[in-house]
Amino acid sequence: SSDVSLPICEDNTIKVWTLDIGKGERALDRHLSCVNTVTVTSDRKHIISGSSDNTIRVWNLDTRKQERILRGHTAPVYAVAATSDGKYLVSGSADKTIKLWNLSVGRVERTLKGHTSSICAVAVTSDRTRIISSSEDKTIKVWNLRTGQVEHILEGYTAAVFAL
């Protein structure tokens, strides 16, 4: 079946919809606050959500059970993106940081600092060599995933950049 997950902010849950039949299955357990972002890993085994409770939660898509809570951000998590191999997660937060998480152990591998306002969106290139982030500081940054260094800053926006 084809699944898609949709955050439902009002009740702090994520509901998984089966598109083939247009039916909503039971919601996943709740975050403690608004769900701001979700992604599904490329192997379609996990849903990963970021919330205003400053946490990231990893859910097993088959069992609908929470497998892990990732803590490390000090403000709401607005963006999550998994690497194409599903081994790492990139998260962006209102704390102005981007974190690279090792999903198998649930640990932060690296924290990237450089934006001067909330991170709105993150992405990882398909070859897993770069992280791209956008921010309320009106910039897009391209980071080297291995070194954590900024390679390029894309400027010229007159407002926050909310999507990539």
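**Figure 1. The hairpin of strand 8 and strand 9.** Five residues lie between strand 8 and strand 9 in this hairpin, and Gly86 in the turn has a positive phi of about 75°. The model is predicted: local features need pLDDT of at least 70, side-chain atom pairs count only at pLDDT 80 or more, and totals for chains, interfaces and linings use all residues. Residues are numbered from 1 along each chain as its sequence is written, and side-chain values use heavy atoms, with hydrogens and water left out. Strands (E, at least two residues) and helices (H or I, at least four) are DSSP runs, numbered from the N terminus. Strand 8 (residues 77-82) pairs with strand 9 in the antiparallel sense over five bridges; pairing requires that DSSP finds at least two bridges between two strands. Val80 stands opposite Ser91 in strand 9.

**Figure 2. Strand 9 and its pairing with strand 10.** Five of the six residues of strand 9 (residues 88-93) are buried, where buried means under 20% relative accessible area, exposed over 50%, and partly exposed in between (1.4 Å probe, protein chains only). Strand 9 also pairs with strand 10 (residues 97-102), in the antiparallel sense and over five bridges. The bridge partner of Val90 in strand 10 is Leu100. Three residues separate the two strands in their hairpin, and Lys96 in the turn has a positive phi of about 75°.

Figure 3. Six of the six residues of strand 6 (residues 55-60) are buried. In a regular strand the side chains alternate between the two faces of the sheet. From strand 6, Thr55, Arg57 and Trp59 point one way, whereas Ile56, Val58 and Asn60 point the other way. Strand 6 pairs with strand 5 in the antiparallel sense over five bridges, and His46 stands opposite Asn60. The hairpin of strand 5 and strand 6 has three residues between the strands, and Asn54 takes a positive phi near 70°. Strand 6 is likewise joined to strand 7 by five bridges, the two running antiparallel; Val58 has Arg68 as its bridge partner in strand 7. The hairpin of strand 6 and strand 7 has five residues between the strands, with Arg64 in the turn at a positive phi of about 65°.

**Figure 4. The largest pocket.** The volume of the largest pocket is about 210 Å³. On a 1 Å grid over the protein atoms alone, a pocket is an open set of points where a 1.4 Å probe fits, with protein on both sides within 12 Å along at least five of seven lines; lining residues have an atom within 4 Å of a point. The pocket is lined by 13 residues, of which His46, Gly86, Lys87, Leu103 and Ser104 are the closest to its centre. Strand 5 (46-51) and strand 7 (66-71) are the elements that give two or more residues to the lining. The lining divides into three nonpolar, five polar and five charged residues.

Figure 5. Strand 12 pairs with strand 13 (residues 130-135) in the antiparallel sense over five bridges. Ala121 stands opposite Ser134 in strand 13.

Technical notes: Grid points are joined across faces, edges and corners, and a volume is the space filled by probe spheres set on the points. Ala, Val, Leu, Ile, Met, Phe, Trp, Tyr, Cys and Pro count as nonpolar, Asp, Glu, Lys and Arg as charged, and the others, Gly among them, as polar.
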